[in-house]
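Subject: Model handover, with notes on the sheet

Hi,

Here is the model I said I'd send over.

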Amino acid sequence: MSGAIQVDRFTRQNQSVTGTFLPSELPRLAEYLAGDGGEIAYALHGSRISDAAGSQKHCIKCIISGWFLVADPATLKPVRHDFAIDSKLILVASEADMPPLEMESDDEDYVVCGNELDVLERVEEEILLDLPATLGGQMSAPTKPATPSRAPAQRDRGAATAKISPFAKLAELKKK
(Lines give C-alpha, C1' and ligand atoms only; values in the text may rest on other atoms or scores of the structure.)
Protein backbone atom coordinates (compact mmCIF):
# COMPACT_ATOMS: atom_id res chain seq x y z
CA MET A 1 0.00 0.00 0.00
CA SER A 2 1.47 3.34 -0.96
CA GLY A 3 -1.61 5.50 -0.47
CA ALA A 4 -2.92 7.51 2.42
CA ILE A 5 -4.44 6.22 5.62
CA GLN A 6 -7.21 7.95 7.55
CA VAL A 7 -5.50 8.76 10.84
CA ASP A 8 -8.57 8.80 13.09
CA ARG A 9 -10.00 5.48 11.89
CA PHE A 10 -6.55 3.85 11.64
CA THR A 11 -5.66 4.66 15.25
CA ARG A 12 -9.15 4.23 16.74
CA GLN A 13 -9.55 0.74 15.24
CA ASN A 14 -5.95 -0.32 15.93
CA GLN A 15 -5.41 -1.05 12.26
CA SER A 16 -2.17 -2.13 10.59
CA VAL A 17 -0.76 -1.82 7.12
CA THR A 18 2.26 -3.61 5.67
CA GLY A 19 4.05 -3.63 2.35
CA THR A 20 7.28 -3.17 0.47
CA PHE A 21 8.91 -0.51 -1.66
CA LEU A 22 11.90 -0.51 -3.94
CA PRO A 23 14.41 2.13 -2.82
CA SER A 24 14.07 3.83 -6.22
CA GLU A 25 10.37 4.46 -5.48
CA LEU A 26 11.31 6.92 -2.73
CA PRO A 27 12.20 10.14 -4.58
CA ARG A 28 14.06 11.89 -1.73
CA LEU A 29 16.16 8.78 -1.07
CA ALA A 30 17.25 8.58 -4.74
CA GLU A 31 20.17 11.01 -4.31
CA TYR A 32 21.77 8.64 -1.77
CA LEU A 33 21.44 5.49 -3.87
CA ALA A 34 24.47 4.02 -5.63
CA GLY A 35 22.69 1.22 -7.45
CA ASP A 36 19.36 -0.38 -8.25
CA GLY A 37 19.39 -3.16 -5.65
CA GLY A 38 17.44 -3.24 -2.45
CA GLU A 39 14.07 -3.63 -0.82
CA ILE A 40 12.25 -1.82 1.95
CA ALA A 41 9.60 -3.57 4.06
CA TYR A 42 7.33 -1.63 6.39
CA ALA A 43 4.59 -2.19 8.94
CA LEU A 44 2.57 0.66 10.44
CA HIS A 45 0.36 -0.09 13.46
CA GLY A 46 -2.18 2.44 14.73
CA SER A 47 -3.39 2.89 18.30
CA ARG A 48 -4.57 5.52 20.72
CA ILE A 49 -2.79 6.40 23.93
CA SER A 50 -3.83 8.59 26.84
CA ASP A 51 -1.57 11.28 28.19
CA ALA A 52 -1.27 12.36 31.83
CA ALA A 53 -4.29 14.67 31.46
CA GLY A 54 -6.38 11.81 30.06
CA SER A 55 -6.69 13.10 26.50
CA GLN A 56 -6.43 10.60 23.64
CA LYS A 57 -3.51 10.86 21.23
CA HIS A 58 -3.10 9.21 17.83
CA CYS A 59 -0.09 6.88 17.85
CA ILE A 60 1.55 5.01 14.98
CA LYS A 61 4.27 2.41 15.49
CA CYS A 62 6.60 2.28 12.45
CA ILE A 63 8.68 -0.81 11.81
CA ILE A 64 10.79 -0.44 8.69
CA SER A 65 13.65 -2.65 7.55
CA GLY A 66 15.56 -3.49 4.44
CA TRP A 67 18.63 -2.59 2.47
CA PHE A 68 19.83 -0.51 -0.44
CA LEU A 69 23.14 0.39 -2.05
CA VAL A 70 25.01 3.55 -1.07
CA ALA A 71 28.38 4.84 -2.18
CA ASP A 72 31.23 4.06 0.19
CA PRO A 73 32.58 7.47 1.30
CA ALA A 74 36.21 6.41 0.76
CA THR A 75 36.01 4.49 -2.51
CA LEU A 76 32.66 5.69 -3.93
CA LYS A 77 31.92 2.05 -4.79
CA PRO A 78 28.42 0.71 -4.05
CA VAL A 79 28.11 -1.01 -0.67
CA ARG A 80 25.08 -2.61 0.90
CA HIS A 81 23.41 -0.57 3.65
CA ASP A 82 21.13 -2.60 5.96
CA PHE A 83 18.78 -0.83 8.35
CA ALA A 84 16.07 -1.53 10.89
CA ILE A 85 13.85 1.25 12.22
CA ASP A 86 11.44 0.94 15.12
CA SER A 87 9.80 4.27 15.97
CA LYS A 88 6.73 5.50 17.78
CA LEU A 89 5.00 8.56 16.35
CA ILE A 90 2.47 10.70 18.16
CA LEU A 91 0.37 12.51 15.57
CA VAL A 92 -0.88 15.99 16.46
CA ALA A 93 -3.05 18.44 14.52
CA SER A 94 -0.77 21.48 14.89
CA GLU A 95 2.51 22.63 16.40
CA ALA A 96 0.51 24.13 19.28
CA ASP A 97 -0.41 20.55 20.29
CA MET A 98 3.24 19.54 20.62
CA PRO A 99 4.78 19.44 24.08
CA PRO A 100 7.89 21.51 24.85
CA LEU A 101 11.08 19.72 23.76
CA GLU A 102 12.19 19.10 27.33
CA MET A 103 8.87 17.32 28.03
CA GLU A 104 9.13 14.94 25.04
CA SER A 105 10.03 11.34 25.70
CA ASP A 106 13.14 9.92 24.00
CA ASP A 107 11.21 6.93 22.68
CA GLU A 108 8.55 8.87 20.75
CA ASP A 109 8.46 11.58 18.12
CA TYR A 110 5.70 14.13 17.63
CA VAL A 111 4.61 14.72 14.05
CA VAL A 112 2.17 17.36 12.83
CA CYS A 113 -0.32 15.55 10.64
CA GLY A 114 -3.75 16.27 9.23
CA ASN A 115 -6.53 13.72 8.76
CA GLU A 116 -4.47 11.61 6.35
CA LEU A 117 -0.98 10.14 6.49
CA ASP A 118 0.79 9.28 3.24
CA VAL A 119 2.46 5.89 3.74
CA LEU A 120 5.23 6.34 1.15
CA GLU A 121 6.16 9.79 2.48
CA ARG A 122 6.20 8.57 6.09
CA VAL A 123 8.37 5.54 5.29
CA GLU A 124 10.72 7.75 3.27
CA GLU A 125 10.93 10.34 6.08
CA GLU A 126 11.73 7.69 8.69
CA ILE A 127 14.54 6.28 6.51
CA LEU A 128 15.99 9.74 5.82
CA LEU A 129 15.93 10.60 9.53
CA ASP A 130 17.73 7.33 10.26
CA LEU A 131 20.48 7.69 7.63
CA PRO A 132 23.14 9.63 9.57
CA ALA A 133 22.82 7.41 12.64
CA THR A 134 22.95 4.14 10.73
CA LEU A 135 25.90 5.21 8.64
CA GLY A 136 27.87 6.52 11.60
CA GLY A 137 27.57 10.10 10.44
CA GLN A 138 29.50 9.28 7.29
CA MET A 139 26.70 10.36 5.03
CA SER A 140 25.40 13.78 5.90
CA ALA A 141 25.31 14.78 2.23
CA PRO A 142 24.42 13.00 -0.99
CA THR A 143 27.00 10.48 -2.11
CA LYS A 144 27.24 11.48 -5.74
CA PRO A 145 30.80 12.67 -6.42
CA ALA A 146 31.18 16.42 -6.67
CA THR A 147 32.56 17.98 -9.81
CA PRO A 148 36.16 19.19 -9.47
CA SER A 149 36.49 22.85 -8.58
CA ARG A 150 39.32 25.32 -8.62
CA ALA A 151 38.25 26.90 -5.37
CA PRO A 152 40.38 24.63 -3.11
CA ALA A 153 43.53 25.42 -5.10
CA GLN A 154 42.86 29.15 -4.77
CA ARG A 155 42.30 28.74 -1.04
CA ASP A 156 45.60 26.86 -0.74
CA ARG A 157 47.45 29.71 -2.43
CA GLY A 158 45.77 32.22 -0.14
CA ALA A 159 46.66 30.13 2.89
CA ALA A 160 50.30 30.00 1.79
CA THR A 161 50.36 33.78 1.42
CA ALA A 162 48.73 34.25 4.80
CA LYS A 163 51.43 32.13 6.48
CA ILE A 164 54.12 34.75 5.83
CA SER A 165 55.26 36.14 9.15
CA PRO A 166 54.41 39.78 9.86
CA PHE A 167 58.06 40.24 10.85
CA ALA A 168 59.15 39.04 7.41
CA LYS A 169 56.87 41.65 5.84
CA LEU A 170 58.38 44.28 8.14
CA ALA A 171 61.89 43.20 7.13
CA GLU A 172 60.93 43.59 3.47
CA LEU A 173 59.66 47.13 4.13
CA LYS A 174 62.90 48.08 5.90
CA LYS A 175 64.95 46.93 2.88
CA LYS A 176 63.12 49.37 0.59
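Five strands make up an open sheet in the order β2-β3-β4-β5-β6, and the pairing is mixed. At the edges sit β2 and β6 (109-112), each of which pairs on one side only. From one strand to the next the twist averages 25°. For the terms: strands are DSSP runs (E, at least two residues) numbered from the N terminus, two strands count as paired if DSSP finds at least two bridges between them, and the angles, which run from 0 to 180 degrees, are taken between N-to-C directions of axes that are lines fitted to C-alpha atoms.

Bear in mind that this is a predicted model, in which local features need pLDDT of at least 70 and side-chain atom pairs count only at pLDDT 80 or more, while totals for chains, interfaces and linings use all residues. Residues are numbered from 1 along each chain as its sequence is written, and side-chain values use heavy atoms, with hydrogens and water left out.

Two of the pairs to look up are T20 with A41 and V17 with L44. L44 is a handy landmark, as it also has a bridge partner in β4, namely C62.

Next along, β3 and β4 (residues 56-71) are antiparallel too, joined by 14 bridges. I49 has K57 as its partner in β4. Five residues lie between the strands of this hairpin, and G54 there takes a positive phi near 90°.

And what joins β4 to β5 (residues 78-92)? Again 14 bridges, with the strands antiparallel. The hairpin of β4 and β5 has six residues between its strands, and here L76 is the residue with a positive phi, near 65°.

One reminder for when you colour the faces: side chains in a regular strand alternate between the two faces of the sheet.

Cheers

Note on methods:
Helix = DSSP H or I, 4+ residues; strand = E, 2+ residues; numbered from the N terminus.
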